[in-house]
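Please open the model in your viewer and keep the selection panel handy. We will go from stop to stop together.

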Amino acid sequence: MLLGIAMVSTAVFLFYALFYPLSFVAPEFVFGGPSTALSYLCPPERANALLLNGGTVVSLVIAAPFVEEVLCRGFMLGRLAAKWGRRTAVISSSMVFALLHQDVLGAFVFGVFACLGYFRFQSLAAPIILHAANNLVVYFRRYLVPRAA
């Protein structure tokens, strides 16, 4: 449990240690979202280059689901369920998961479903696949579907 708290605390600290000073130097990069961040990495005419999209897909659809599910479901959920019961474990690990995301309520609900998938199949594969599929849908919706002006 202490290892999990230390890992989350370190991640949050490092996030703010990097982005808080960066917000003074390049606020558009920090607050502008991924499309603005891409313009810092390459000229706007190449912002949708295959390499950059590939990196985004790998981080969003493979790395993030794996790391978050191992932390929240693999590490926390089992230990909390053994100590306090499944209900408390589901709520607690889903809350930690939600605090790592912008849409806290949506991430909390998603976390509950991921916990149910973990308990149903007794494997991390189910929540990882569910999380990867969800992030892939979000990626296509957010970055590839043109927005109405």
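This is a predicted model: local features need pLDDT of at least 70, side-chain atom pairs count only at pLDDT 80 or more; totals for chains, interfaces and linings use all residues.

Residues are numbered from 1 along each chain as its sequence is written, and side-chain values use heavy atoms, with hydrogens and water left out.

**Stop 1: the whole chain**

Colour by secondary structure. You will find seven helices and zero strands, where helices (H or I, at least four residues) and strands (E, at least two) are DSSP runs numbered from the N terminus. Along the sequence the pattern reads α-α-α-α-α-α-α. Of the 149 residues, 28% count as buried; buried means under 20% relative accessible area, exposed means over 50%, and partly exposed lies in between (1.4 Å probe, protein chains only). Among contacts (heavy atoms within 4.5 Å) between residues at least 6 apart in sequence, 52% join residues at least 24 apart.

**Stop 2: α5 and α6**

Select residues 86–99 for α5 and residues 104–121 for α6. The two helices pack at an angle of about 135°, and their axes are 8 Å apart. Axes here are lines fitted to C-alpha atoms, for helices over the stretch in contact, and angles run from 0 to 180 degrees between N-to-C directions. That angle makes α5 oblique to α6: under 35 degrees counts as roughly parallel, over 145 as roughly antiparallel, 65 to 115 as roughly perpendicular, and the rest as oblique.

Now show side chains. On the α5 side the contact includes Arg86, Val90, Met95 and Phe97, and on the α6 side it includes Val104, Phe108, Gly111 and Phe119. The residues of this contact divide into twelve nonpolar, three polar and one charged. In this count Ala, Val, Leu, Ile, Met, Phe, Trp, Tyr, Cys and Pro are nonpolar, Asp, Glu, Lys and Arg are charged, and the others, Gly among them, are polar.

Pick Val104 in α6. Val104 has 37% relative accessibility and so counts as partly exposed. Its C-alpha atom is separated by 9.8 Å from that of Ser94, ten residues away along the chain.

**Stop 3: the nonpolar core**

Which residues have the most contacts inside the largest nonpolar core? Select Leu77, Ala89, Val90, Phe97 and Phe119; the core has 17 residues. Such a core is a set of buried Ala, Val, Leu, Ile, Met, Phe, Trp, Tyr and Cys residues joined through side-chain atoms within 4.5 Å. Helices α4 (50–84), α5 and α6 each supply at least two of its residues, and the largest share, seven residues, comes from α4. Zoom in on Ala89: leaving aside neighbours within four places in sequence, Ala89 is in contact with Leu77, Leu80 and Ala81.

**Stop 4**

Go to His131 in α7 (residues 125–144). Is His131 buried or exposed? His131 is buried, with a relative accessible area of 2%. Not counting residues up to four places away in sequence, His131 touches Ala64, Pro65, Glu68, Glu69, Phe97 and Phe110.

Ser59 lies in α4 and, at 38% relative accessibility, counts as partly exposed.

Val138 is partly exposed, with a relative accessible area of 33%. Val138 and Val61 are 77 residues apart in sequence, with 9.6 Å between their C-alpha atoms.
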